[in-house]
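Thanks for coming, everyone. Please have a look at the sequence and the model on the screen, and then I will walk you through a few parts of it.

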Amino acid sequence: MKPGPIIPSNVASLKSLTVTMAVMSYLACLAIGALILVDRAVTNWTSGLAREMTVQVRQVKSVDINAEVEKVRKILDGFPGIITVEVLGPEVGAKLLEPWLGEGSLEGLPVPRLIRVVTDEEAPPDLAVLEDRLAEAQGVHLDTHRKWEAELTRMARALTILSYAILLLISVSAIAIVVFATRAVLQANRPVVELLHLVGARNSYIARQIDGRFLRSGLLSGFMGVFMGLLTFLLLGMTGVEAGNGFAAASRSLLFASPDIAIWSYGVLFAVPVAATAICLVTSRVTLLRRLGGAM
Amino acid sequence: MLQLEGVGLRYGRGPEILRDVSFVMRPGDFYFLTGPSGAGKSSLLKLLFLSLQPTRGSLRIFGEDVRSIAQDKLPLIRRRIGVVFQEFRLLDHLSTFDNVALPLRVANKSEQSYKRDVMDLLDWVGLSHQARAFPPVLSGGEKQRAAIARAVIAKPQLLLADEPTGNVDPVLAKRLLHLFLELNRLGTTMLIATHDKALIRQATKPAMHLEQGVLDLQ
């Protein structure tokens, strides 16, 4: 017959701790999901922005804009590091101004012409030289999207910091909860702990009898949290199929990404049960040893 | 083994429960501790099994001053002391077998290594039929015998017992006394707090009398 557990498991049950830690793990999953999505979106946006430039050719009095556009196109075509040059029709510029000026009211207005340029990511063009060359034409302005890229990076960094701050808060709350739960278990089992001390048990031995329960609680709550988190992303993805963007698309991209990205995403999400278990085990062990060390 | 010099004890700011208690016990000694209820017998035993520290005076056990025993050394000293508590202090969620085996289990001994000894001892105290029973279903006498078995299972060098025969019939009391005498003959130092004058007479061992916190070596 196996010896019974020295610390009774029905005294000061850890059910409440498991439920609370599961909620914490769930919130951590959502924060990590947001972190992954922001990181992925910013990478996509910035790589797109970094690869593209726009050359704007403004109307200059007594200068043929079409000739200037052609001059610019020739400069761009042969420039090292430029892959594609696409001269956009006058209607594109008009379309961009439509929200401010309205439809059909652009006749006779000096609407600038736009040239879309795609650069080689591996060997980008020398922008200083390019700007010098473009100055040969009149009314030319090179827009490298650097300003937008900087804005996006700043916003992404703020969101990332926010997500990390949320994760930190969740971790601190989880640690506090485990400390309280450990104290409650010790308090409820005080007569047993006292007797164990009197028959010669070491603090580490008593701690081992208790922290196994925290290990199980941490592991269970972590997996419950991840399961609920994945379920949330799945439901969000399913409910917004028609919309094709926003939360739904983001959730779908998180769950059904290409294998190389998915392995990383799922790996980070499944680090939550590991973290929850580590928090439960380490915090309870440290609390137990500190509290037991205070008792004679 | 035990050396008390001018030991005093008070709980919080209350009156002194023990006053200027001084005595020495050498290895192999056997003493009874008598005195009326409330005289401080249990408090003195608590000092000796390191549950309390004296508020004044000096207490040395196994050559160590109790005030300077390091935390990590305390369990090793306690393993050399067997204690029979007046209120038994059996763990209700453990079987009689597991309760008796507790001092061996906390010393990280395997069940295989102590199973035979525990069953033999339970047999000796007449509890082998209750080995798998839990304390709530045991009678007062059975609990007392289980508590005594737990105190002696690890063959302690010092046995402290608080009214160990208080809940057993005279026949069993005599049997338990023989167990204590036998353990003492094998080298265990004994201090037994009791009201049982007949037991003291039978044992023909010296007694210390404690009254109003003052110890009188008779």
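B:Leu9 stands opposite B:Leu18, a residue of strand S2 of chain B, and in that strand B:Val21 is the bridge partner of B:Val7. Before I go on, please keep in mind that this is a predicted model, in which local features need pLDDT of at least 70, side-chain atom pairs count only at pLDDT 80 or more, and totals for chains, interfaces and linings use all residues. Residues are numbered from 1 along each chain as its sequence is written, while chains are lettered from A and ligands numbered from 1 in the order in which they are written. When I say helix or strand, I mean DSSP runs numbered from the N terminus, with at least four residues (H or I) for a helix and at least two (E) for a strand.

Strand S1 of chain B, residues 2-10, is joined to S2(B) by 6 bridges, and the two run antiparallel. The hairpin that they form has 5 residues between the strands, and there B:Gly12 takes a positive phi near 60°. S1(B) is also joined, by 5 bridges and again antiparallel, to strand S4 of chain B, residues 56-61, where B:Leu59 stands opposite B:Leu4. Counting two strands as paired if DSSP finds at least two bridges between them, we get an open sheet of 4 strands in chain B, with the order S2-S1-S4-S5 and antiparallel pairing. Its edge strands, each pairing on one side only, are S2 (16-25) and S5 (64-65) of chain B.

Now to a helix of that chain. Why is helix H3 of chain B, residues 96-106, described as largely enclosed by the rest of the structure? Because 11 of its 11 residues are buried, where buried requires 20 or more other C-beta atoms, placed from the backbone, within 10 Å of a residue's own. Among these buried residues are B:Phe97, B:Asp98, B:Leu102 and B:Arg105. They pack against helices H6 (190-198) and H7 (203-239) of chain A, together with helices H4 (111-124) and H5 (140-152) of chain B. After H3(B) comes B:Asn108, whose phi is positive, near 65°.

Finally, the contact between the chains, with residues in contact if their C-beta atoms, placed from the backbone, lie within 7 Å, takes 14 residues from chain A and 20 residues from chain B. On the side of chain A that touches chain B, the largest share, 4 residues, comes from H6(A).

Key
Buried ≥ 20, exposed ≤ 12 C-beta atoms within 10 Å, placed from the backbone. Contact = placed C-beta atoms within 7 Å.
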